[in-house]
Amino acid sequence: MKKVVIFLFALFSLSSMAWAQEGEEVSAQTTEDSEDSSEQTKEGFKSNWFVGVGEGAVVNKFKDNWFLGVGPAVQFFTGAPAAGSMFDHTNVGFNLFGGKWFTPDFGFDAGVRGVTFKDAMDDPQSYLNINLNLMVNVHNLFLGYSESRRWEISPYIGPALAMSNFRHNAHFGYALSAGLHNTFNMNEIIPYVGDKVFLFFDVNAFWNDKEFDHMEPESDGYAVDAIYSLSIGAVYRFPKRGWTTSFIMY
């Protein structure tokens, strides 16, 4: 019996010593890890810095890069019901617009188009299309800004308010406006003026609801009335014009 007690006491003592030694090793390892972590934290502030440089156009002020354009337009109407050829519904209108470029790539314009269109019965109806569009300068977006570029193309799209037949039973409705706006630098043709006054050529379409022409469609299916137009004229760019390119540090 005494031998059993002595054996158990010796086993318990050895186990306690082993646990104590293991605890000391874990504590020492934890201390080393804490020291390494502190050293890494101290070294991180001075070792993880970076610097870069780039070139880009600076976003302009609110008063910069505004423009105003005006010109005649050739337009034709198509809708439901449809009758006659495209030339039967063609007449002359106008295009007046103004806007601003926020960056060399993106801007907006607000415009008015009118004055009359020829419906399916070849009767003239008065109309106005007031539109607000988002513009994207494709040349600047993909090729970068260039002050001397001769030709720039800018697709645009936006909502519009369409009004027709003001004198009798006026119709008001919403429409969608979209098109391609082209500008041409005239500085080589008209020195000292051509960099301020640009020639523009605009291709536009706006789609209205089927009641725009005040004529009921032949069926109850989906139908829209639309006016397509080509306009040419002059657009004046107010000072400050152009963009300032600079190096950007980061």
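Visitor: Which residue in S9 is the bridge partner of Ser 177?

Guide: In this predicted model, Ser 177 has Phe 206 as its bridge partner in S9.

Visitor: How many bridges join S8 to S9, and how do the two strands run?

Guide: Nine bridges join S8 to strand S9, which covers residues 197–208, and the two strands run antiparallel.

Visitor: And how many join S7 to S8?

Guide: There are 14 bridges between strand S7 (residues 151–164) and strand S8 (residues 171–184), and these strands also run antiparallel. One of the pairings there is that of Glu 152, whose bridge partner in S8 is Thr 183.

Visitor: What sits between S7 and S8?

Guide: The two strands form a hairpin with six residues between them, and in the turn Asn 165 has a positive phi of about 55°.

Visitor: Changing topic, how many aromatic pairs does the structure hold?

Guide: The structure holds 15 aromatic pairs. Among them is Phe 67 with Trp 101, which counts as tilted because the ring centres are 6.4 Å apart and the planes stand at 35°. That pair links distant parts of the chain, with Phe 67 in strand S2 (residues 66–78) and Trp 101 in strand S3, 34 residues apart.

Visitor: Are Phe 67 and Trp 101 buried or exposed?

Guide: Both Phe 67 and Trp 101 are buried.

Visitor: What about Tyr 127 and Phe 206, how are their rings arranged?

Guide: Their centres lie 6.0 Å apart and their planes are at 25°, so this pair is stacked. Tyr 127 belongs to strand S6 (residues 124–136) and Phe 206 to strand S9, so the pair ties together parts that are 79 residues apart in sequence. Tyr 127 counts as buried at 1% relative accessibility, and Phe 206 is buried with a relative accessible area of 1%.

Visitor: Now Lys 100, which strand is it in?

Guide: Lys 100 is found in strand S3, which spans residues 90–101.

Visitor: What does the side chain of Lys 100 reach, then?

Guide: The side chain of Lys 100 reaches the backbone oxygen of Lys 61 at 2.9 Å, and a polar atom of that side chain lies 3.3 Å from the backbone oxygen of Phe 62. Leaving aside neighbours within four places in sequence, the residues in contact with Lys 100 include Asn 60, Trp 66, Gly 107 and Phe 108.

Key. Residues numbered from 1 in each chain as written. Predicted model: local features only at pLDDT ≥ 70, side-chain atom pairs only at ≥ 80, totals over all residues. Heavy atoms only, no water. Helix = DSSP H or I, 4+ residues; strand = E, 2+ residues; numbered from the N terminus. Polar contact = N/O pair within 3.5 Å; in protein donor to acceptor, adjacent residues only side chain to side chain. Contact = heavy atoms within 4.5 Å. Pairing = 2+ DSSP bridges. Phe/Tyr/Trp six-rings, centres within 6.5 Å; stacked < 30°, edge-to-face > 60°. Buried < 20%, exposed > 50% of the residue type's maximum accessible area, 1.4 Å probe, protein only.
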